[in-house]
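Here are a few notes from going through the model you sent over. Have it open while you read.

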Amino acid sequence: MSHLNNFEIFLLLTIVKIAIVLVITLMSVAYTVLLERKVLGRLQNRWGPSRVGPFGLLQPLVDGLKLFLKEDMMPLAVERPLFILAPIIALGCALISISVVPFGAVTLVHGVDLFQIANLNIGLLVILGVTSIGVYGVALSGWSSNSKYSLFGSLRSTAQMISYELALGLSLVGVVMRAQSLSLRDIVASQSAHGAISWNLFGGLQFIAFFIYLMAAYAETNRSPFDLSEAESELVAGYHTEYSSMKFAMFFMAEYANMITVSCVATLLFLGGASSPFGHLFDHIASGPILTALISIFWFVAKVFSFLLLYIWVRGTLPRFRYDQLMAFGWKFLLPVAMVNILATALALTYHG
Amino acid sequence: MEIALFLIFGLLAVAGALNLLFQRHPINSALSLVVVMMSLAVLYWSLGAEFLAAAQVIVYAGAVMVLFIFVVMLLNAGEEERSSQGSRIAYIAGIPGAAAIFCLLSFVFLSERSHLGATTLGGYLSSAVSNISEISHTLFTSLLLPFEVTSILILVAILGAVVLARKEL
C-alpha cells in the first residue's frame, strides 16, 4: 500500500470496515432471530425450528427469502411517502448506531483502528441521539398506516420510548462521570485495569445503574415484558400491522439490530467492553498481535451473546406489564432511583476519587 | 471538506424551513422542522461544537419534535384550510418587518463581532480536546445564576402543566 497516500488508505479501510460490519450485523440479526426461536422453544418444552438444515441452522436464510418473495401490499388509504419512509428510518437508525461501537482492542493498521468504524469523542451521545431519532420510524409508521391498531400501537410505543429514554440516559451518567469522557474507547479503557474487579458493574459500584439501564433498554427496544406496542391480544401487531414483505422485514430487523446495539452498549459501559474478565493475568500465554486481537473480539462477542440470551430468557419468563404500570414504573421508580444514583456517584467521586 | 458540508447542510436547513411554511399538513411541517434541526446540528458539528450538536439532536429532534408529532397524531389534525383572503396587516407589515428584524440582528452580530469571539469551520475537529468540560465549567461557575433561574422557570412550567391537566380530571 505504499503508492497510496494516508487519506486514500483511510478511505479504503473505512469502506471495507463498513461493509464487513454491516454484513456481520445483518447476519447476527438473522441468527439472533433463530437463537430466540430455539431458546424460546426449549423454554416452552418444544423443539423450535428444526427442519431446514442441521438443527434448523438455515432457517433465517429461508425466512429472509420468503419475506423477500412475498407480495408487497400497500393499502389504499396510507400516506404513501411516510409509509415507505418509516421502515427506512427505523432500520437506518438501528444500523447507524453500531458504527461507533468498538468491537475489540485498539489495533492500528496505517493509523486506522480496525475494530471500530468511527472513534468519536461523543460516541455515547451519538448512540443516544440516533436511538432517539429511531422513534420517528415507529411514530410515522403508525400514523401513516391510517389504521386504528397501528395508531394505538405507535402512540403507546412512542410514549414508552420517550419516557424510558430519560431513565436510560440518566443511568449512564454515573459511568460517564467515572470515566470522565463520552468516548466509548475511554469508557472501556477506564474499566480494563484489573479485569472483572474494575468493571463498572462490580468495582465501579454501578450495579444500580446497570439494572436501571437493563430495564430501560428492554422498554426502549419494545421487548417483553414491555412489548405493549405489539400486544397481539389487543392490537393485532401494533405499529407494523399494515406492513408486509420487505417493509415488515425491515421493522423486524430493526428490532433485533436495536437489541444487539443495546447489548453492545451494556457490554461497553458496564462489563468492560472487549477487555478480558481476568485482566492481564493470562497475557503471557496468549501473546502475539493477531491472537490478542482475536481474544478481545471473543470476549466482546461472548458478553453481547450473554446479554441476548438474557433478553430471550426474560421474554420466555415474565408476563407483559399493564400500560399504567409501565408508565408508573418508568416515571415514579426508575427515574428517581437513577437520579439518586447520580448523586451518590458524584458524592463518592468527590470524597474518594 | 468543511465548506462543502456547510453549503450542503446550510441549503438543506433553508429548504427545510421553506418547506415548513409551504406544507399544508401539520405532520409534514413538523418533519421539515426535524430536517432543519438536524442540519443545524451538522453545522454546529462543523464549527467544532460537537456537544452542542449532539444535544441539538437528542433534545430538539429526538424529544421536542417527537412530542409535536405525538400531539398531531393524538389529535388527528387534518390539512389546514387556507382562507381565501389573508390578514391585510400581515401583507403590509410582513415582508418589511421580517427584513427589518434580519437587518437588526445582522447589524448587532456584525458590530459586536469582537465581543462574541470567533470560530472557524472545522475548528476543533482535528484535535481530540472535548469541549464538554469547558461548557460545564462555564455553565456552573460564571453562568450559574442564569442556569439555576432557567431550571426554576422550567420547573414552574411543569407545575403549571400539571395544574392545568388536573382541572380536566
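Predicted model: local features only at pLDDT ≥ 70, side-chain atom pairs only at ≥ 80, totals over all residues.

1. Chain A has an average pLDDT of 84, and 98% of its residues score at least 70.

2. Have a look at how H7(A) sits against helix H9 (residues 245-270) of chain A. Their axes come within 11 Å and cross at roughly 170 degrees. Angles over 145 degrees count as roughly antiparallel, so that is the label for H7(A) and H9(A). On the H7(A) side the contact is made by Phe210(A), Tyr213(A), Leu214(A), Ala217(A) and Glu220(A), and H9(A) brings Val262(A), Ala266(A) and Phe270(A). By class, that contact of H7(A) with H9(A) comes to 7 nonpolar residues, 1 charged and no polar ones.

3. Next, a backbone angle to check. Most residues other than glycine have a negative phi. Asn222(A) has a positive one, near 55 degrees. You'll find Asn222(A) in the loop between helix H7 (207-220) and helix H8 (232-235) of chain A. Is Asn222(A) buried or exposed? Asn222(A) counts as buried, because it has 22 C-beta neighbours inside 10 Å and the cut-off for buried is 20 or more.

4. Phe55(A) is another one for the list: its phi is positive too, near 55 degrees. Phe55(A) is placed in the loop between helix H1 (6-43) and helix H2 (59-69) of chain A. With 13 other C-beta atoms within 10 Å, Phe55(A) is partly exposed.

Terms used
Residues numbered from 1 in each chain as written. Chains lettered and ligands numbered in written order. Helix = DSSP H or I, 4+ residues; strand = E, 2+ residues; numbered from the N terminus. Buried ≥ 20, exposed ≤ 12 C-beta atoms within 10 Å, placed from the backbone. pLDDT = per-residue confidence, 0-100. Axes fitted to C-alpha atoms, helices over the stretch in contact; angles between N-to-C directions. Parallel < 35°, antiparallel > 145°, perpendicular 65-115°, else oblique. Contact = placed C-beta atoms within 7 Å. Nonpolar A, V, L, I, M, F, W, Y, C, P; charged D, E, K, R; others polar.
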